[in-house]
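I opened this notebook to keep track of what I looked up about aromatic rings and their neighbours. The structure comes first, and my entries come after it.

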Amino acid sequence: MKRAHVLGGAFALTLVVVIGREVLRDAAPPPLPQGAHYEHAARTVDDWLREGYVEMVSSIRPPTSEDGSIRIVVYVKWPDGALVRVTPNGDDYTLEMPVGTRADRVELQGSGDVDAEPSRAWHVLDVRGTTFEPTEQRFHVLRPVSNGSENLLGIDWSRNAAIDEDMARALGELLVNGQIAGPSGASERVTAADHLRKISACASCHVPNAPARRKRTDRGLVNRGTDASGLYQIASVLRDRLPFETYRPRDANRGDPFIRRTCGAEEMTSAACADGSIPMGELDVRKGLAARDRHVLRVCASRLALGSRLSGTSPQIAASIDECRSVTNGDAAAAAPPASP
């Protein structure tokens, strides 16, 4: 990853970043606590693929913007030879990432089919991810320094709820001050900064083994539950049935012939569940494979890549992976980037 630390520690008083021809100077972001630092990175989709990250595609697509241009992609990179631990969790199972795992949730703006693979032409809008180090877990949030720029600026910090508050405040100030991309108007930047602060409390959101939301009134922003490492996406790759996410205005799964939509045990008859429950989607993997559906092929490529990294199995995992066994090596390679060596 092409990154460089910009500032760190509680005594940072000014920020001067030189990236190509772009210069940010005479700014005074708030000092950061011990365990946090500002950093910048030059990133495109190609960088994640070149560095051996694997895309994790789940059975239910993430939501998108009204115009469908926002794409949410999750990349993971496991250390060589390390296995993802599978442990019982009641009648179910949970996953725990090995030390050295890196995961990034990347929000992109692009065009093309909803199931198109991420393209170098798509612009990075937001990166929020985590690294599991031997003695701690670290989070990072990065934004482009200007609209369409490949140069990103943000903060990396050690998992700590108190630090979360400080770095969320600092991220908001970067946006208000125009040091990271945002609306052109001052009042609009203030509103956008407030939203950025609200969605950047990573430690309180990524709680290990948090249950899925059942009702719209349940606390939280993400409808899925987490694994033993506090992550949402990786474990969801192995599940056919998942809640639809509602943190973006448009459901990218509308019209998919292989996804059954339900409220509880009943078929959905409207855009929302009358009883206030979270709508669920269930992907028919076997029918999708028979039709060589692009989305299903990409889901199976992710399952097989993850399955090769698991320390064990469970009846649910075995059934999930067995559904995808008919995907040939050629299909899997075409559906997703290759696994990390």
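The entries below cover ring pairs and then charges over rings.

I am working with a predicted model, in which local features need pLDDT of at least 70 and side-chain atom pairs count only at pLDDT 80 or more, while totals for chains, interfaces and linings use all residues. I number residues from 1 along each chain as its sequence is written, and the side-chain values use heavy atoms, with hydrogens and water left out.

I looked for aromatic pairs, meaning rings of Phe, Tyr and Trp (its six-membered ring) with centres within 6.5 Å, where planes under 30 degrees apart count as stacked, over 60 as edge-to-face and the rest as tilted. The search of the whole structure found two.

Trp48 and Tyr75 form a stacked pair, because their ring centres are 5.7 Å apart and their planes lie at 10 degrees. The pair ties together parts 27 residues apart in sequence, since Trp48 belongs to helix 1 (residues 45-50) and Tyr75 to strand 6 (residues 70-77); helices (H or I, at least four residues) and strands (E, at least two) are DSSP runs numbered from the N terminus.

I then checked burial, where buried means under 20% relative accessible area, exposed over 50% and partly exposed in between (1.4 Å probe, protein chains only). Trp48 is buried at 1%, and Tyr75 is buried at 0%.

The rings of Phe139 and Trp157 have centres 5.7 Å apart and planes at 45 degrees, so I noted this pair as tilted. Phe139 lies in strand 11 (residues 137-144) and Trp157 in strand 12 (residues 151-158), so parts 18 residues apart in sequence are tied together. Both Phe139 and Trp157 are buried.

Last, I looked up charges over rings, which require NZ of Lys or CZ of Arg within 6 Å of the ring centre and within 35 degrees of the ring normal. The charged end of Arg43 sits over the Trp48 ring, 4.4 Å from its centre, and that of Arg261 sits over the Phe244 ring, 4.2 Å from its centre.
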